[in-house]
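Hi,

Here's the structure I said I'd pass on. Have a look at it first, and then read my notes below.

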Amino acid sequence: MPNPRIKYYPVGNGDTSLITLEDNTTIIVDCNIRNCDENDIYDVKADLLKSVQFANGVPYVDIFILTHGDQDHCRGFKKHFYQGAPEKYSEAHKKEGLIRVAEMWFSPMIAEQHSNDDEDAYQQEAERRLALHRKKDPRKDNPGNRIKIIGYDGNADYKDLDHLRAVPGEIVSRFNDKGQPLFSVFIHAPFKEHLETLGDDKKNSTSIVFQARFKNNLFQADFSTLAMFGGDSDHTSWCIILEKTKKYKNEHALNWDLFLSPHHCSWSFFNDRPQAEHPEPKETSLEALDFRRTGARVISSSKKIEDDDNNPPHFEAKREYVKKVTESNFLNTTTYNVINGVPQPIVFEVTTQGVVKPKQSEGTAKVIGGAGLGAVNSASKYGNG
Amino acid sequence: MEMDRFRVSLPVFSSDIENPALRDSLKSLEALNGSKLQILDWGNDKIAVPFNIGVNLPSLGNFENIDIREIEPIILVFDLINYPLSAPKVFTDRLDFPKSNLAHLYIAVNNRPPGFCYVRENADEWYANKRIDDLIIRISNWLRDAATGELTENGEQFEPLRLEGYIGTIIYDYNSLIGIVKGDNAFHFKKQLAVALFERPIQAERYTFKFIKSLTVGNTFSTIKEVDEERKKGKEDATRKNYHYAYILWNEEDIINKEYYVNLPKSWEEFKSFCGFYGLDFSQLEELIATSDGNSFVYFPVIVGIRRPKAIIGYSSNIEFINFRFRVDSVDVKEGKIINNIPIDLLSHNQPLTFQQASKISNRNIDVDSRIAVFGCGALGSKVIIHLARSGQTNLTLIDPDQISPHNLVRHVLFGEDEGENKAIALAKRIKNLYPYQPTRTIGLFALKDGTLDKPDFFDIHNWILDFTASEAFFNKLTNVKSMEERNVVSASISDLGNLGVVYMEGGNRNPRIDDLQAYLYSLSENDKKISDWLQREQLTNNNNNITVRVGVGCNSETTVLSDDRISSHASYFSGVLKREMLASSKDGKIYLNRIIDSPDYTIETQVLSIEPFKVLSAVNDSNWAVRFKDGIVEQIEHVSSKAGRNETGGVLVGICNYKTKTIHVTGYINAPIDSKADAFNFIRGHEGLPDEIRAIQNNSGGQIGYIGEWHSHPEGPNMLSQQDMISVNQHKAEFQHLNPPLPVFLCIITPDGLFPFVF
């Protein structure tokens, strides 16, 4: 069986990450799928269709985790993912390449805070599924109708659906109705305090935060890889995460090998913005970074980080990360690997020895050109004139 | 730093490189390297090119802290003449490379560093479709895998040493050797030392040792005697066997070693340090060799078992056996010691074939409980049998009275050495040799004892009965065997001058039976031109044969023209059919046809027919006669009768009658000719057009199907023949009994109670 993989797509300031397990189960965390009209944009959708599994010709992800509803975390959901009853997925949908979400993870309190077309579509789809569960429809447990409620309720009340719920401090090891002996997720946020804290950055700070935990075999004492995902969570969230996790003696859930820097390498992870007014990083944020293990990497899913006033990505924030992991282990999705001017995804393979770059693929001695060649798709001019 | 590199010991290569492919690859390599390459002399018309390779290392540190670095220096060795047909060899350039911890390294030779075993298959074949860039990628991935602990493809098992440069082969069953170590089936001459007898086939070109048996308390004395007997025979004696005693040495139970010793011993001195490395007590071996070696040949095998932390890949236990060939002459030993630095070579181990493995490789599940009786081990039979045997099905009872004659070798699976042997017995012997270390399951018989087929015992143990005899007598016998019911009976033969292969496979409860299937196939000639043409050709051939009388000359003739490939074509199809049916046999009867067409091009086509059970009735007046109706015929006649209402009606039946099996097969019927007359009490069957119709059927079937009897209805009963009926019967009888052969008078009446057959 192939090793699990974690892929961070280059989507500018935004997040799209794909976890692929040994059994090809796929978990997508957020999406920011932009139109590929411009030549320097990586075609995320095309790669997703190559990466996910198919059931009767229908492409599907096992899990969609939307950390929060900001546009740069759900852009393209409405257009590229199927919404509606799974049995109504048609040949036309197939042609469009609509990806079915077998099980969606939905945080009610986060849902209430955002509004854009994609977020609305996500919420509507969630409500469609919740309604099926609520009225105990016989189809409620079919793939495409499955849903997990993450965290607590906002205004709407889903108490009767508590069996679908996972709250901070819990470990989830069942994905799309399949137990995963070698993979689990520790949920850190959103927690109840998020309901009470009010502030400008509230919606950013209220993200699903989780630690993805990988093993390669059952006999391993420790995890092979720990990857932290936290949407746009800010320093106040991380302060609470640290406090609670320690309180319940779950320090192991703070360790990481891969840290997707929150809010695209924003200063908000370290302190309030603007940085000029709050130049000192919070102790708790720095402490969170100290839970890294050997050879840990920070991934900045953002535009190129320049020495300017942009935030995000924020230059000073990067400096703080680099202080912890060194320059070579700080990876920016826009600059990490650029081929013909197009940024490529950052991919890690999970081994018992931690993460490692995937194997390079060999070529062959025999070769042909394909229909997709630029030369084939454009005029070529010859002659002396 | 430079001093840690093997490259410093190599001289610079100063000649010109003329091989254009090599020059081209070196250019690519230089582009990858980013700077000029150093070209060194490896010797033997080979150049060595040092290269630094980048390696991706895992985040948490290397597996077991193995010392693999982000930049690894390697040496690429190119053959000046044979490149690129000969793939580059790749060695580490580091003298301190962690070689003893890694599988997939070749053992070091001639004081060179160990080489990377970078492809499972043949490296030259792999490189045929790769460029030098791909090789660099592969080596980089190899090192990455070594660092992540994934070099071994199966992490739960232990990768054995990669050995090269074998002088010969040793064949034994791994599990038998494990048994020897455990003491289950061997006497331990010393604490960790046992002896086994091996034979070296005289004709083998390579040095090959085949395991015969281990020495036990019970057999040691007799074995020594047996070996001495062979020794006494003259060298010219073809029956003389070359026996060698092999020594098996292993280490103590608690010495577990995971290291790879990449310098395997080439001499006694090196062997001793090898033993030291793996914690083996070589003095036991030395003492036995020096004091009481029973070998008359100077060469003999020594097998060394090393305990590994996990089971060896592909084997059941954690003991890895390394196989050596020692050369010890009488001058090499003195006072219990080996006094000279005797040479030692490596032998490669081959596992003898087992039927489980054969079945696995053939992608076939064998039903180990089923047993197959095969009648006829001629050209066709022997080929089908060997297909089954090679796929692991060895539960075979083979029966054939004939012996292998020289002309048989043109088409039979057996070879010249079996000339004069009984075909079944020789074939069984060959099959046993395929699986020499497993208990015999194949039995070859000259013949069955008289009456065996008439007793249920034989069929109780055989689930499948295969007939390849091409014998009509046996076909009849099989048809009439009463002692078998729930058995799968198959009769296969070749016809049409070797161009048509036919398999009759009976349905459940022996219905349709093989003779039903044959009658069915013949009856298709009415509408199927291919079958009709074949039967007509058969008729012609038979008639010709009748002119030049050749009594007793069948297919087993020196003059039968039929090539080996044609038989093989049929045999391979038949065996495919059988294997499939043996997995899940169908309820209906089946006829499989394999047709070779010679012109305009040589082509092969197959056809499968599925046949419903026949309706079987006994003659009302003589229950010795069975009447078997092709499916649907009785219903159709009944339908015609009921349509005639209160009037009688009738017609003619077509089919075949067989006196030997006392069976009448009805394969078709003809309605009343137009000049027939009928009322409620009488039916006069007319004949207008009837002769033409019968003639057509007869001609189309090459004389196999024809008029067989009559039918008429009694709309109001009775179920008996009337007086008038009997008059007609007697009239027919008067005519039929003078025919050669005579034809029985066969009459069926259809009444409201059903169909009633009568045979006179």
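This is a predicted model: local features need pLDDT of at least 70, side-chain atom pairs count only at pLDDT 80 or more; totals for chains, interfaces and linings use all residues.

If you want to find the contact on screen, pick B:Ser382, B:Ile385 and B:Ala389 in α9(B), which meet B:Lys423, B:Leu427, B:Ile431 and B:Leu434 in α10(B). Sorted by class, that contact has five nonpolar residues, one polar and one charged.

In chain B, α1 (residues 20–33) and α3 (residues 132–148) cross at roughly 50°, and their axes come within 9 Å. That angle makes α1(B) oblique to α3(B). On the α1(B) side the contact uses B:Ser25, B:Ser28, B:Leu29 and B:Leu32, while α3(B) brings B:Ile132, B:Asp133 and B:Ile136. By class, you'll get four nonpolar, two polar and one charged.

Next, go to helix α16 (residues 633–643) of chain B. Which of its residues are buried? They are B:Ile633, B:Val634, B:Ile637 and B:Ser641. Looking down the axis of α16(B), you'd see these buried residues fall within an arc of 100°, so they line one face of the helix. This is handy to remember: an α-helix has 3.6 residues a turn, so residues three or four places apart point the same way. The face turned away from the buried side of α16(B) carries B:Glu635, B:His639 and B:Lys643, which are exposed. Among the elements covering the buried residues are strands β23 (615–618), β24 (626–629) and β26 (663–671) of chain B. After α16(B) comes B:Gly645, with a positive phi near 65°.

Last, the two chains. How many residues of chain A are in contact with chain B? There are 20, and they touch 22 residues of chain B. On the chain A side, β17 (292–300) and β22 (354–356) each give two or more residues, with β17(A) giving the largest share, five residues. That side divides into four nonpolar, nine polar and seven charged residues.

Cheers

Methods
Residues are numbered from 1 along each chain as its sequence is written. Chains are lettered from A and ligands numbered from 1 in the order in which they are written. A residue is buried if 20 or more other C-beta atoms lie within 10 Å of its own, exposed if 12 or fewer, and partly exposed in between; C-beta atoms are placed from the backbone. Helices (H or I, at least four residues) and strands (E, at least two) are DSSP runs, numbered from the N terminus. The arc is that of the directions from the helix axis to the C-beta atoms. Two residues are in contact if their C-beta atoms, placed from the backbone, lie within 7 Å. Ala, Val, Leu, Ile, Met, Phe, Trp, Tyr, Cys and Pro count as nonpolar, Asp, Glu, Lys and Arg as charged, and the others, Gly among them, as polar. Axes are lines fitted to C-alpha atoms, for helices over the stretch in contact, and angles run from 0 to 180 degrees between N-to-C directions. Angles under 35 degrees count as roughly parallel, over 145 as roughly antiparallel, 65 to 115 as roughly perpendicular and the rest as oblique.
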